[in-house]
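Subject: Structure handover and notes

Hi,

Here is the structure I promised to pass on to you. My notes follow below it, so please have it open while you read.

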Amino acid sequence: MGDKITVPDVRARKGGPKLTMVTAYDYPSARMASDAGVDMILVGDSVANVVHGMGDTLGVDIDIMVLHARAVRRADPRPLVIVDMPWLSFHISKEDTLRNAGRLVREGGAEAVKLEGGHRRVPMIDALVGAEIPVMGHLGLTPQSVHAMGGYRVQGREIEAARMLIQEAKELEAAGVFSIVLEGVPDLVARMVTEQVSVPTIGIGAGPHTDGQVLVYTDLLGLNFGHYPKFVRKYESFADRGVAAMAAFVEDVRSGGFPGDEESYHLPEDVAAELEGRPSDG
C-alpha cells in the first residue's frame, strides 16, 4: 500500500492529486480505510451521532475521543490519523487547548488534530503549532456551533458571509494549519477559498473544486438509518444488507438450520462411543 502518509505529504498535494479522507472510529473501520487506499483518517466527533446515537456532537469529550483514537491506531493504518478536538476542549484557554491536544497525541496516538472555527480560534492554533502539533482547520458549517447557527445550515450564502469565510481561511492559513475542511458551503465559495490559500482544502458538501473530499464512513457505506445529507453519495447499502443477513440468521436458528454439521465440533468416534456407553464402530 505504500509508505505511511504524513503531514508534509498532505501539504504537498495542494493542487493535486486529489486527497481523500474518511472518518473511522474503531479498528475495523480503520482497517477498511487503510486497505482502500484512503489518504487521511479522521477520528471525528461525529462518533457522537453515528456510534453513540446522540443528537449532535456536543456530548463527546476528550476521554471518548482518546478511546476511539486508540482503537483506530491499533489498526496501524497507512493514512494520516487526525483526531477532532471536541466541544469545549479548545475554547477556554491556550493552556487548556494544549493539554487536551496533548492527550489526543500522547494517549490517543493522534498525528494531527482538527478544530472548528475561524478567527476566534487563531490564538489556539498558534499555540498548538508552536507546540509542534499539526492542526487541520474547519470552516463553514461547524457542527459544534449548531445552536449558534440555528441548526445545520449551509454557510456563506450571503455576500458578507462569503467574504468573511474567505478571510477566515486566510487567517487559519497564516496561523499555520496544514489543511482546511470546508463543510456545507456553496461551491463557488469553496473554489475561491481553494484558489486563495496555499494549503489543501478538503470539502464536504462544498462542491468539486476543493483539493480533496471527506465523507463519514457510515454515510458512504450506507450504514446509517434515516436521513442522509444531500452531499452524501452512498457507495453501498450495508445497513439494509446487514439487517437482511441478521434476519436470515434468526430464521435459520428458529427453523433448526443453524448450526449445522459443518458449524459443529465432534468427538472422535471411540471417545463418543465410550461417553455414550455404546459399542464403538471401530
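A word on naming before anything else: helices (H or I, at least four residues) and strands (E, at least two) are DSSP runs, numbered from the N terminus. By that scheme, Glu132 sits in the loop between α6 (122-130) and β5 (135-140).

You are looking at a predicted model, in which local features need pLDDT of at least 70, side-chain atom pairs count only at pLDDT 80 or more, and totals for chains, interfaces and linings use all residues. Residues are numbered from 1 along each chain as its sequence is written, and side-chain values use heavy atoms, with hydrogens and water left out.

Glu132 has a positive phi, near 65 degrees, in a residue other than glycine. Its relative accessibility is 72%, so Glu132 counts as exposed (exposed is over 50% relative accessible area, buried is under 20%, and partly exposed is in between, with a 1.4 Å probe and protein chains only). Leu88 also has a positive phi without being a glycine, at about 70 degrees. Leu88 belongs to the loop between β3 and α5 (94-106), and it counts as partly exposed because its relative accessibility is 41%.

There are cis peptide bonds to check too. One joins Gly16 and Pro17, with omega about -10 degrees, and Pro17 is in the loop between α1 (7-11) and β1. Another joins Phe258 and Pro259, with omega about 0 degrees; Pro259 is in the loop between α11 (238-255) and α12 (269-276).

Leaving out residues up to four places away in sequence, Val83 touches Val43, Met65, Ala69, Leu104, Ala110, Ala112, Val113 and Lys114 (contact means heavy atoms within 4.5 Å). Asp84 is part of strand β3 (residues 80-84). What is its burial state? Asp84 counts as buried because its relative accessibility is 3%. The side chains of Asp84 and Lys114 are joined by a polar contact of 2.7 Å (a pair of N or O atoms within 3.5 Å; within protein, one must be able to donate a hydrogen and the other to accept it, and residues adjacent in sequence count only if both atoms are side-chain atoms). With residues up to four places away in sequence again set aside, the residues that Asp84 touches include Leu42, Gly44, Asp45 and Leu104.

On to the strands. Strand β1 (residues 19-23) and strand β8 (residues 212-215) run parallel and are joined by four bridges (strands pair if DSSP finds at least two bridges between them). Leu19 has Gly212 as its bridge partner in β8. Strand β7 (residues 201-204) also runs parallel to β8, with two bridges, and here Gly203 is partnered by Gln213. Strand β4 (residues 112-114) pairs with β5 in the parallel sense over two bridges, where Val113 stands opposite Val135. Six of the six residues of β5 are buried, so β5 is largely enclosed by the rest of the structure.

Gly184 lies in the loop between β6 and α9 (187-196). Its relative accessibility is 6%, so Gly184 counts as buried. The C-alpha atoms of Gly184 and Val154 are 4.7 Å apart, although 30 residues separate them along the chain.

Finally, the largest pocket has a volume of about 1100 Å³. On a 1 Å grid over the protein atoms alone, a pocket is an open set of points where a 1.4 Å probe fits, with protein on both sides within 12 Å along at least five of seven lines, and lining residues have an atom within 4 Å of a point. Grid points are joined across faces, edges and corners, and the volume is the space filled by probe spheres set on the points. Of the 43 lining residues, the closest to the centre are Glu183, Val216, Asp219, Pro229 and Phe231.

Best wishes
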